[in-house]
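Trainee: Could you walk me through reading helix packing and charged pairs in a model like this one?

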Amino acid sequence: TPAPVVTETVQPSGPSLGTQAHFEDAVNGQNVIYFDTDRYNIDTPDAAALQTQAQYLARYPSINITVEGHCDERGTREYNLALGDRRATAVKNYLIALGVPASRLKSISYGKERPAEQGNFSLNRRGVLRVQ
């Protein structure tokens, strides 16, 4: 008699699809876009990171993203909320221009309310992409 066939299910290693960890792993940790003081333009290194993110989103069409806009601690709360919104919108619009459907992207501004590191202005001026 033939030997019984044994099948084994192998779970892929690493973070699960649909998690923030999977997204960050797939885009080599480049889920944060940094901005210069009072700016919200997408520069060349940011463009490359956003292209990688757009490729990830094309590969996984069920995943939606929220883009968070953040600012450093200088300036008024109102100014920073508006600037954070412009930063989040710039990132979102760039992804849309790369072919990501607008319906899969949300943006929100936290202004200066959620610093990455207190007093580190360059780290706090950022757009962060999070899996919804």
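Predicted model: local features only at pLDDT ≥ 70, side-chain atom pairs only at ≥ 80, totals over all residues.

Trainee: At what angle do α2 and α3 pack?

Mentor: Helices (H or I, at least four residues) and strands (E, at least two) are DSSP runs, numbered from the N terminus. Axes are lines fitted to C-alpha atoms, for helices over the stretch in contact, with angles from 0 to 180 degrees between N-to-C directions. Here, α2 (residues 44–59) and α3 (residues 77–97) pack at about 60°, their axes 10 Å apart. That makes α2 oblique to α3; under 35 degrees is roughly parallel, over 145 roughly antiparallel, 65 to 115 roughly perpendicular, and the rest oblique.

Trainee: Which residues make the contact?

Mentor: Contact means heavy atoms within 4.5 Å. From α2 come A47, L50, Q53 and A54, and from α3 come V91, Y94 and L95. By class, the α2 contact with α3 has 6 nonpolar, 1 polar and no charged residues. (Ala, Val, Leu, Ile, Met, Phe, Trp, Tyr, Cys and Pro count as nonpolar, Asp, Glu, Lys and Arg as charged, the others, Gly among them, as polar.)

Trainee: On to charges: how many salt bridges does the structure hold?

Mentor: Side chains of opposite charge can pair when their charged atoms come close. The cut-off is a side-chain nitrogen of Lys or Arg within 4 Å of a carboxyl oxygen of Asp or Glu. This structure holds 4. One of them joins E68 and R130, with the closest N and O atoms 3.1 Å apart. E68 sits in strand β2 (residues 65–70) and R130 in strand β4 (residues 126–131), 62 residues apart.

Trainee: Is E68 buried or exposed?

Mentor: Buried means under 20% relative accessible area, exposed over 50%, partly exposed in between (1.4 Å probe, protein chains only). E68, at 8%, counts as buried, while R130, at 35%, is partly exposed.

How values were computed. Residues numbered from 1 in each chain as written. Heavy atoms only, no water.
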